[in-house]
Amino acid sequence: MGKAKQLRKQANKFSKMKKMMSARDSRLKESERKFKTKKPKKKDNSQEMKVNRVPQVSSALFFQYNTQLGPPFHILVDTNFINFSVKYKLDVIQNMMDCLYAKCIPYVTDCVIGELEKLGPKYKIALRIVKDPRFERIQCMHSGTYADDCLVERVNQHKCFIVATCDKDLKRRIRKIPGVPIMYISHRRYTIERMPDAYGAPKV
């Protein structure tokens, strides 16, 4: 028993010695080393000026009313809008004029034409409609042929466009942008949001 007591005493001494060792001792492993790190002092921001970044509102907007919209109307056309017009046998320009009671100029971007070309020979009638000389062509500066991002970016920059689309996701994105009406197909005719004077526009 005496030997066991001695061993226990030695073990206790060793543990006390280990506790007394410096944290930078070379005998300690990396995981056992605990360096005291100074906590960074919190800066006093009470004296600094706070700057709030607010996106610049277009000068064309008077609250939700867009002053740049007026005849002749400039309409940005999406791929699926043309496809549905072909499906329901609707004349694009004539129906636009019937809806808005004014002259309409449809605009087509390069990416919309690129999307129609990718769809293949099944959509060659839609492609022929888009290449009509009455449709104005807008050149795209971005890479790829994804039309949704391109149309949203254009509408953010220039508030003079109406967007013609039947895509639910694109509609949801454009509704977040103030002062941009959306034209779509409902009951085999063109309808428009946010323009109460137009024919067939939903009453708010």
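How many helices and how many strands make up the secondary structure of the protein? The model is a predicted one, and its secondary structure comes to seven helices and eight strands.

**Overall figures**
- The protein has 204 residues, of which 36% count as buried.
- When contacts between residues at least 6 apart in sequence are taken, 60% of them join residues at least 24 apart.

**Helix 6 with helix 7**
- Two packed helices are described by the angle between their axes together with the distance between those axes.
- For helix 6, which covers residues 147-157, and helix 7, which covers residues 168-175, the angle is about 20° and the axes lie 11 Å apart.
- Since angles under 35 degrees count as roughly parallel, helix 6 and helix 7 are therefore roughly parallel to each other.
- The crossing in which helix 6 passes helix 7 is right-handed.
- Helix 6 brings Asp148, Asp149, Leu151 and Val152 to this contact, while helix 7 brings Leu170, Arg173 and Ile174.
- Sorted by class, the residues in the contact of helix 6 with helix 7 are four nonpolar and three charged, with no polar residue.

**Helix 2 with helix 4**
- Helix 2, spanning residues 79-87, and helix 4, spanning residues 110-118, have axes that come within 9 Å and cross at roughly 55°.
- That angle makes helix 2 oblique to helix 4.
- On the side of helix 2 the contact is made by Thr79, Ile82 and Asn83, and on the side of helix 4 by Val112, Glu115 and Leu116.
- The contact of helix 2 with helix 4 divides by class into three nonpolar residues, two polar residues and one charged residue.

**Thr109 in strand 4**
- Which strand holds Thr109? Thr109 is found in strand 4, which runs over residues 104-109.
- Thr109 has a relative accessible area of 1% and is therefore buried, given that buried means under 20%.
- Apart from neighbours within four places in sequence, Thr109 is in contact with Leu76, Ile138, Cys140, Cys150, Leu151 and Arg154.
- Among these partners of Thr109 is Leu151, a residue of helix 6 that also takes part in the contact with helix 7.

Notes:
Residues are numbered from 1 along each chain as its sequence is written. This is a predicted model: local features need pLDDT of at least 70, side-chain atom pairs count only at pLDDT 80 or more; totals for chains, interfaces and linings use all residues. Side-chain values use heavy atoms; hydrogens and water are left out. Helices (H or I, at least four residues) and strands (E, at least two) are DSSP runs, numbered from the N terminus. Buried means under 20% relative accessible area, exposed over 50%, partly exposed in between (1.4 Å probe, protein chains only). Contact means heavy atoms within 4.5 Å. Axes are lines fitted to C-alpha atoms, for helices over the stretch in contact, and angles run from 0 to 180 degrees between N-to-C directions. Angles under 35 degrees count as roughly parallel, over 145 as roughly antiparallel, 65 to 115 as roughly perpendicular and the rest as oblique. A crossing is left-handed if the near helix is turned anticlockwise from the far one by less than a right angle, and right-handed if clockwise. Ala, Val, Leu, Ile, Met, Phe, Trp, Tyr, Cys and Pro count as nonpolar, Asp, Glu, Lys and Arg as charged, and the others, Gly among them, as polar.
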